[in-house]
Amino acid sequence: MSMFRAKKFDLGCFTNIKVIRDHSKRKAFAAAEPERQALRYIIRNTTLPARTRAIAQLQLTQMHCYTRPTQIRNRCILGGKGRGILSDFKMSRYNFRLQALAGNLPGVKKASW
């Protein structure tokens, strides 16, 4: 587990343990993604022998859970919240509203009709 923990943090945002863990998961996922794709290609290739495909399946299941794409969760870059995230801005609804009303988000203005 400690091998996946980031040694240096350049997050530029609010930091709590959930944000640190998510950052570590993203780094581990990025590092292991080529290997995961290669193993998944071997598993799906039906022209290969069944033994080779089974070995690849075993290797894939034994990889650390931080290397899975389902472990990554969108989090607010300002508050670290994990729910109510606007993915275009990577902010929670509340922080998006505060930043938009303050005029800090280019191209965003309050609707009026």
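The following dialogue explains how terms are applied to this predicted model.

Trainee: How are residues numbered, and which parts of the model are used?

Mentor: Residues are numbered from 1 along each chain as its sequence is written, and side-chain values use heavy atoms, with hydrogens and water left out. In this predicted model, local features need pLDDT of at least 70 and side-chain atom pairs count only at pLDDT 80 or more, while totals for chains, interfaces and linings use all residues.

Trainee: What makes up the secondary structure of the protein?

Mentor: The protein has three helices and two strands, and along the sequence they follow the pattern α-α-β-β-α. Helices (H or I, at least four residues) and strands (E, at least two) are DSSP runs, numbered from the N terminus.

Trainee: Why is Cys76 called buried?

Mentor: Buried means under 20% relative accessible area, exposed over 50%, and partly exposed in between, with a 1.4 Å probe and protein chains only. Cys76 has 2% relative accessibility, so Cys76 counts as buried. Cys65, at 28%, therefore counts as partly exposed. Of the 113 residues of the protein, 27% count as buried.

Trainee: How do you know how many disulfides there are?

Mentor: A disulfide is a covalent bond between the sulfur atoms of two cysteines. The criterion is a pair of cysteine sulfur atoms within 2.5 Å, and a search of the whole structure finds zero disulfides.

Trainee: What makes a group of residues the largest nonpolar core, and which residues belong to it?

Mentor: A nonpolar core is a set of buried Ala, Val, Leu, Ile, Met, Phe, Trp, Tyr and Cys residues joined through side-chain atoms within 4.5 Å. The largest one here has six residues: Ala32, Leu39, Ile43, Ala56, Leu60 and Met63. Helix H1 (17-44) and helix H2 (50-61) each supply at least two residues of this core, and H1 gives the most, with three. A second, separate core has five residues, including Cys76, Phe96, Ala100 and Leu105.

Trainee: Which residues does Ile43 touch?

Mentor: Contact means heavy atoms within 4.5 Å. Not counting residues up to four places away in sequence, Ile43 touches Arg53, Ala56, Gln57 and Leu60.

Trainee: Why is the pair Arg26 and Asp22 called a salt bridge?

Mentor: A salt bridge is a side-chain nitrogen of Lys or Arg within 4 Å of a carboxyl oxygen of Asp or Glu. The N to O distance between the side chains of Arg26 and Asp22 is 3.0 Å, and the two meet in a salt bridge. Both lie in helix H1, four residues apart, about one turn of the helix. Arg26 is partly exposed because its relative accessibility is 35%, whereas Asp22 is buried at 9%. The structure holds one salt bridge.

Trainee: How do you know that Lys25 has no salt bridge?

Mentor: Lys25, found in helix H1, is buried, and the nearest side chain of opposite charge, Asp22, is 6.0 Å away. Lys and Arg count as positive and Asp and Glu as negative; His and the chain ends are not counted. Leaving aside neighbours within four places in sequence, Lys25 is in contact with Tyr66 and Gln71.

Trainee: Is Met91 buried or exposed, and what about Lys90?

Mentor: Met91, in strand S2 (residues 91-92), is buried because its relative accessible area is 6%. Lys90, in the loop between strand S1 (85-86) and S2, has 52% and is therefore exposed. Lys90 also has a positive phi of about 55° although it is not a glycine.
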